[in-house]
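Subject: The structure, and some notes on it

Hello,

Here is the structure for you to look at, with the sequence alongside.

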Amino acid sequence: MPELPEVETTRRGIAAHLEGHRITRAILRRRDLRWPIPAAIERELPGRRIEMVDRRAKYLLLGTVAGSALLHLGMSGSLRVIDAATPAGKHDHYDLEIDDGRALRFNDPRRFGCLLWQPAGDVHPLLAGLGPEPLSADFDGDHLWRLSRGRRAAVKGVVMDQAVVVGVGNIYASEALFAAGIHPARAAGRVSRERYARLAAAAKVILAHAIERGGTTLRDFLRPDGAPGYFEQELMVYGRAGQPCRHCGAPIRARMLGQRNTFFCPHCQH
Ligand SMILES: [Zn+2]
């Protein structure tokens, strides 16, 4: 599943091709994505200039003066900028054609992605109630500490809660908790302010690094499988059950926590 770094890499890749261009046509081959594509897409987008390509959590926003197209890659989606005349494949569900003969094409075998409309001045319900961006100044240790007071839920679940902070997925949560020395199952309310400061700082470093690597190692912006393969060699705990901890040599353990596979070092994390 594309995680925040892959979505940000996609944003940077498509922004360079789309910003400043006018959308000439929306070709919708299948409307039944995760949610049906609304009629507003064909009504509002053609003729509009894409002012900016933004990202909020794992949503991409193509901003025009009338509002924004809200795109999500789902589990298996990818976006490419292609020559508009390129024949569409089986899973190419929509194209947004632009004024230079090219098109933004969405491919998604599993159809968990979406294309929705957010009128100017509105916040789409999917974006309402989201926590801060992890790389923004609004996200820090004090933010985590304040929101976790009195909470007995596992700290890993709290950092993965989109209402607390967006975009810290399973891999990044496991890695950040290891970097901060915090056991993933520890009650969130029992983690100190100092340790939350370390956790927030670690999450920022890991995500920023992944984005940077995504931007430099991906060929163009096409990433068909969405898997963070470029990041694999550097993982400290994720996917390493039974292998020695890179710090202390103890075997890395795996367990299910909140229905997610969770990896940690029993010696380094407490
Ligand atoms: Zn260890």
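Which side chain meets Arg 102 in a salt bridge? Asp 100 does, with an N to O distance of 3.1 Å. By salt bridge I mean a side-chain nitrogen of Lys or Arg within 4 Å of a carboxyl oxygen of Asp or Glu.

Before the rest, a word on the source. This is a predicted model, in which local features need pLDDT of at least 70 and side-chain atom pairs count only at pLDDT 80 or more, while totals for chains, interfaces and linings use all residues. Residues are numbered from 1 along each chain as its sequence is written, and side-chain values use heavy atoms, with hydrogens and water left out.

Salt bridges

Arg 102 counts as partly exposed because its relative accessibility is 25%, and Asp 100 counts as partly exposed at 33%. The cut-offs here are under 20% relative accessible area for buried, over 50% for exposed, and partly exposed in between, using a 1.4 Å probe and protein chains only. Salt bridges that share partners also join Glu 8, Arg 11, Arg 12, Arg 55, Arg 56 and Glu 133 into one network.

Helices (H or I, at least four residues) and strands (E, at least two) are DSSP runs, numbered from the N terminus. Glu 133 is buried because its relative accessible area is 16%, whereas Arg 56, at 22% relative accessibility, counts as partly exposed.

A search of the whole structure finds 19 salt bridges. Another of them joins Glu 3 and Lys 58, whose closest N and O atoms are 4.0 Å apart. This pair, too, links distant parts of the chain: Glu 3 lies in the segment before H1 and Lys 58 in the loop between E2 and E3, 55 residues apart. Both Glu 3 and Lys 58 are buried.

Loops and a hairpin

Ala 57 sits in the loop between strand E2 (52–56) and strand E3 (59–64). Its phi is near 55°, a positive value in a residue other than glycine. Ala 57 counts as buried because its relative accessibility is 4%.

Arg 111 likewise has a positive phi near 55° without being a glycine. You will find Arg 111 in the loop between strand E7 (102–107) and strand E8 (114–119), and at 26% relative accessibility it counts as partly exposed.

Further along, strand E9 (residues 253–257) and strand E10 (residues 260–264) pair in the antiparallel sense over 5 bridges; strands count as paired if DSSP finds at least two bridges between them. Arg 253 stands opposite Phe 264 in E10. E9 and E10 form a hairpin with 2 residues between them, and Gly 258 in the turn has a positive phi of about 55°.

The structure holds 2 cavities of 30 Å³ or more. A cavity is a set of points, on a 1 Å grid over the protein atoms alone, where a 1.4 Å probe fits but cannot get out; lining residues have an atom within 4 Å of a point. The second largest cavity has a volume of about 40 Å³, where volume is the space filled by probe spheres set on the points.

Its lining is made of Phe 139, Val 159, Val 168, Ala 173, Ala 176, Leu 177, Leu 199 and Ala 203. Helix H5 (170–180) and helix H6 (193–217) are the elements that give two or more residues to this lining, and H5 has the largest share with 3 residues.

H5 is mostly covered, with 10 of its 11 residues buried; among them are Asn 170, Tyr 172, Glu 175 and Phe 178. Gly 181 follows H5 and has a positive phi near 75°.

Best wishes

Notes
On a 1 Å grid over the protein atoms alone, a cavity is a set of points where a 1.4 Å probe fits but cannot get out, and a pocket is an open set with protein on both sides within 12 Å along at least five of seven lines; lining residues have an atom within 4 Å of a point.
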